[in-house]
Amino acid sequence: SIVYGCVCGEDPHSSTDPTSPTKAPERRRLRTRIYDWLGADASVAAVPSTGSADPQKPVAQKRTYGVLCLMSRVPLFVLLFNILHWLRDELLSAPELLELLNRVALDERTLLEGIDISGIYHNVSRLKIQLPRPLLCDWSDMIGLYNAPPLGEVSHTAARWQGAWALSVLLSRSDGLVGETLATLLAATLLEQKVLLLGDVPRISAMALLLRSLLWPFRWLHLFLSAPPPKGLLSMPLLDSPFPVMLVVSMLPEEWGYKTQYALPPEVVTGVLKHDHVQISQQLETTGGVRQHNLRLPGGRHKAFVTQAAQTKQRLRNRHLDLHSAVESIQTAAEDEVGRLAELLRTYALEQIARTKLELVSSGRCDAKLTYDRCIDIDLFTAWLTAEGREEGSTKDSVSFYTTFFQTQLSLDYMSEVLSAQACADDALSSPGKLGGGSALDDAGSSASTGLPGGKAPSPEREDANTSPVDTACNER
């Protein structure tokens, strides 16, 4: 599970709400305080007076504000920042308030009535909870958020809440990023490129969280830092890693040895958020042949998403939409684009399963190892994709995107989930006293299309040379 950390400055004059527009000097002060919290002493410092009769005697005190941090596994960021607001005003009451909050159950009643904190804060009676997006599961299921199946409805709800908050931050502070920049960075993330985000902390952190959330039902399984790393980590050549990464920094660290983003390795896609620009090297080339000019969502979907985002933002500026409705519209459009990729892979996997069953019909059971090998075969996938009549393989750019995506860990992980659901459905149908009748292929299709609720990723540590990920996942069930 993911643990989220929300931070705010102790300075009572700064806002705890990241969605509120912030003046440049205040942003610099907040960034300084965050860096102090990460790696320096933030205590009160004595400043000697240069014109004092006794230069050894401090005559003035300059206060350096610290940073408050609240950790939670539930991505209700508006609630968390409201809590930080109250904690900053009454820090001594923190133990009592946090103890109360940890006793409160997340349910429909709490959502309607709020949390009674009148016994702690006399100037406020209840702490209200506003869901960023509707709940996709029962409240009772949210108890299992800590170990929820990655592709189930609980995980989907958490991803939506995370993305909705991040999108509201960007629309409130820098809506220009929600368009071409977001679409290009999403394409780079789906293709598991090394993604580096440069800019002020609120924007780069929100963009990183948004990109990760929009991947559902896929999962980012690589290094992910949504806040600038402390100085101790900057000595590590993070961009030289042999695997994909997603990093955020305010500016390029001297320790990395790159003076500008133009000098970065060609496999690094850099979002310069201050200037609403994505820097892509001319030398970039993915395993499927995607280059600088065609690092875009495939099949005309890139332009369609950017156009819809622009129309939604215009309606928001004209006050024909409120912020919540604008977030829902853009988030749904982005989710639809990723959903098309998931549906393509699911269709391919189920066709390979059906093909293997026909060849092995005499055995009465599908050979899981053979099915898995076929599902991850890039040559078979390319031939299937470019078959006559399939729209996704009609252009060279689309084929380059899909074949690159097919070879990512995102794709392989999702494919394992589809195969696991199918194999377990077959087991259930073939076991006496369990399900009877119907088609296992149909059952797997309906399960996969909803994100495979209840699915479990295979554990590589428990596999042996004769066990496929499908067998492992079913055995664990």
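**Labels and their cut-offs**

Modeller: Start with R103 and E99: both lie in helix 3 (residues 94-103), four residues apart, about one turn of the helix. Helices are DSSP runs of H or I with at least four residues, strands are runs of E with at least two, and both are numbered from the N terminus. This is a predicted model, where local features need pLDDT of at least 70, side-chain atom pairs count only at pLDDT 80 or more, and totals for chains, interfaces and linings use all residues. Residues are numbered from 1 along each chain as its sequence is written, and side-chain values use heavy atoms, without hydrogens or water.

Colleague: What makes R103 and E99 a salt bridge?

Modeller: The distance. A salt bridge needs a side-chain nitrogen of Lys or Arg within 4 Å of a carboxyl oxygen of Asp or Glu. R103 and E99 have N to O at 3.6 Å, so the pair qualifies. Side chains of opposite charge can pair when their charged atoms come close. The whole structure holds twelve salt bridges.

Colleague: Why is R103 called exposed?

Modeller: Its relative accessibility is 58%. Exposed means over 50%, buried under 20%, and partly exposed in between (1.4 Å probe, protein chains only). R103 therefore counts as exposed.

Colleague: How do you know that E267 and K194 form a salt bridge?

Modeller: Their closest N and O atoms are 3.3 Å apart. The pair links distant parts of the chain, 73 residues apart. E267 sits in the loop between strand 9 (245-249) and strand 10 (268-272), K194 in strand 7 (residues 194-198). K194 has a relative accessible area of 8%, so K194 is buried. E267, at 30%, is partly exposed.

Colleague: Which residues are linked with R301 in a network of salt bridges?

Modeller: E337 and R340. The E337 to R301 bridge has N to O at 2.9 Å. E337 lies in helix 10 and R301 in helix 9, so the pair ties together parts 36 residues apart in sequence. E337 is at 9% relative accessibility and therefore buried. R301, at 28%, is partly exposed.

Colleague: Is the crossing of helix 5 and helix 7 left-handed or right-handed?

Modeller: Left-handed. That label means the near helix is turned anticlockwise from the far one by less than a right angle; clockwise is right-handed. The crossing of helix 6 and helix 9 is right-handed.

Colleague: Which residues make the contact of helix 6 with helix 9?

Modeller: E180, L182, A183 and T184 of helix 6, with H302, F305 and V306 of helix 9. Contact means heavy atoms within 4.5 Å.
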